[in-house]
Amino acid sequence: MAHPSPDRRPGRSPFGARLEFRWLSWLSWLSPRRYATARSVRAGEAAAEAARKSVQEQEARDLREAQESAPAEAPATGKPGRKAARAAEPEFPVPGDTRAAAFFDLDNTVMQGAAIFHFGRGLYKRHFFRKRELARFAWQQAWFRLAGNEDPAHIQDARDSALSIVKGHRVSELMSVGEEIYDEYMAERIWPGTRALAQAHLDAGQKVWLVTAAPVETATIIARRLGLTGALGTVAESVGGVYTGKLVGEMLHGPAKAEAVRALVAAEGLELSRCAAYSDSANDIPMLSLVGHPCAVNPDARLRRHAREHDWRLRDYRTGRKAARVGIPAAAGLGALAGGAAAAVALHRRRR
């Protein structure tokens, strides 16, 4: 039996519907959200919510302390001469533009190496896990820093390792330990150049956020120690203040970072076209493409090419011609390799 022709049937034809679906799919792929998944959107929204809650709680604590202490003299408003010294430079960031904010990746952008690795070293020192897991942390750190990309299987392995370690521990316990670990392993690894970029935004009256796959608790500690506004990080599920060993959505990595920035910008009433973002990795191109002022910092080779093709700003604070030319994070990579070797030697000696 012959089927009625499409133009005689009510509504659109199956062919027309398929064509429209394909066209919309292509439009979706061309948009900045083409890499996003439901899990990355959920992870981004959870990170934004956690970041804003953390900042609000800190502001409330600061207000209580200010009311209780009643200082004899007003707090300093900033270091004299800093703004005057910048007067001759181009006006970016724009002073007083409160609709703008800056978003900084953490690993090898703000800090040499991976925060989760340094955090893992501190937890091992405090007997949170065994030697075998320390060696795996060292291997993951070496892979991330030397391979120049982040393989999904290794990302999954790192996620599972971190979740198994914190499961059953209290959030407050990890926050307290994190303060000590920052002083021991992270404070001396901050890139001064990137720190100055962040300070420029703060001096302009803008909020500055870290955006990282590291646990939000660790990221929040680092942001507070650097005097930044707050942090967007991976949110681990907790019930009654105790970690369950599950994530909310997925790790804040790649597209999830862009979703976290998008959610926070909407919640804060900012404008993406006025915001800035900084990263070392091509995996953060979705986040960098989202804002009006992207900047590649200590970039890997792929991000360096992309930045030059799109006329993005470039900053490289690493030493050595090879790092600047090839884009391999030399200092962090060698540190990772040395860390892995040291861990292996230590394990071998203890087994003898």
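**Entry 1. Asparagine 298**

I started in the loop between β7 (293-297) and α12 (301-309), where asparagine 298 has its place. The model I am reading is a predicted one. I looked up the backbone and found a positive phi of about 50° at asparagine 298, although the residue is not a glycine. I noted for comparison that most residues other than glycine have a negative phi. Is asparagine 298 buried or exposed? Its relative accessible area is 1%, so I wrote it down as buried, the limit being under 20%.

**Entry 2. Valine 297**

I then went to valine 297, which is found in strand β7. Its relative accessible area is 0%, so I have it as buried. I listed what valine 297 touches, leaving aside its neighbours within four places in sequence. The list holds Asn108, Thr109, Thr194, Leu197, Tyr278, Ser279, Asp280, Arg315 and Tyr317. I also checked arginine 318, which is 21 residues from valine 297 along the chain. The C-alpha atoms of these two are separated by 9.6 Å.

**Entry 3. Asparagine 108**

Asn108 was on the list for valine 297, and I followed it up. Asparagine 108 has its place in the loop between β1 (101-105) and α4 (115-125). What is its phi? I read a value near 65°, which is positive in a residue other than glycine. Asparagine 108 has a relative accessible area of 1%, so it too goes down as buried.

**Entry 4. Helix α4**

How many of the residues of α4 are buried? I have 8 of its 11 residues as buried, so the helix is mostly covered. They are Ala115, Phe117, His118, Phe119, Gly120, Gly122, Leu123 and Tyr124. Just after α4, I found histidine 127 with a positive phi of about 65°.

**Entry 5. α4 against α7**

I took the two numbers that describe a pair of packed helices, the angle between their axes and the distance between the axes. For α4 and α7 the angle is about 110° and the axes are 9 Å apart. The range for roughly perpendicular is 65 to 115 degrees, so α4 is roughly perpendicular to α7. On the α4 side I noted Ala115, His118, Phe119, Arg121, Gly122, Leu123 and Lys125 in the contact. On the α7 side I noted Leu174, Val177, Gly178, Ile181, Glu184, Tyr185 and Met186. Sorted by type, the residues of this contact are 8 nonpolar, 3 polar and 3 charged.

**Entry 6. α7 against α9**

I stayed with α7 (residues 171-186) and turned to α9 (residues 216-225). Their axes come within 9 Å and cross at roughly 50°. α7 passes α9 in a right-handed crossing. Which residues meet here? From α7 I have Val171, Met175, Gly178, Glu179, Tyr182, Asp183 and Met186. From α9 I have Glu217, Thr218, Ile221, Ile222, Arg224 and Arg225. The contact of α7 with α9 divides into 6 nonpolar, 2 polar and 5 charged residues. Gly178 and Met186 of α7 are in the contact with α4 and also in the contact with α9.

**Entry 7. Threonine 234**

I looked up threonine 234, whose place is in strand β3 (residues 230-234). It is buried, with a relative accessible area of 7%. What lies 3.0 Å from a polar atom of the side chain of threonine 234? I found the backbone nitrogen of leucine 252 at that distance. Beyond its neighbours within four places in sequence, threonine 234 is in contact with Thr212, Ala213, Ala214, Pro215, Val216, Leu247, Glu250, Met251 and Leu252.

**Entry 8. Glycine 269**

I found glycine 269 in the loop between α10 (255-268) and β6 (276-279). At 34% relative accessibility, I count glycine 269 as partly exposed. Alanine 100 is 169 residues from glycine 269 along the chain, yet their C-alpha atoms are separated by 9.3 Å.

**Entry 9. The whole chain**

The chain has 14 helices and 8 strands. Of its 352 residues, 43% count as buried. I also looked at contacts between residues at least 6 apart in sequence, and 65% of these join residues at least 24 apart.

Key:
Residues are numbered from 1 along each chain as its sequence is written. This is a predicted model: local features need pLDDT of at least 70, side-chain atom pairs count only at pLDDT 80 or more; totals for chains, interfaces and linings use all residues. Side-chain values use heavy atoms; hydrogens and water are left out. Axes are lines fitted to C-alpha atoms, for helices over the stretch in contact, and angles run from 0 to 180 degrees between N-to-C directions. Helices (H or I, at least four residues) and strands (E, at least two) are DSSP runs, numbered from the N terminus. A crossing is left-handed if the near helix is turned anticlockwise from the far one by less than a right angle, and right-handed if clockwise. Contact means heavy atoms within 4.5 Å. Ala, Val, Leu, Ile, Met, Phe, Trp, Tyr, Cys and Pro count as nonpolar, Asp, Glu, Lys and Arg as charged, and the others, Gly among them, as polar. Buried means under 20% relative accessible area, exposed over 50%, partly exposed in between (1.4 Å probe, protein chains only). A polar contact is a pair of N or O atoms within 3.5 Å; within protein, one must be able to donate a hydrogen and the other to accept it, and residues adjacent in sequence count only if both atoms are side-chain atoms. Angles under 35 degrees count as roughly parallel, over 145 as roughly antiparallel, 65 to 115 as roughly perpendicular and the rest as oblique.
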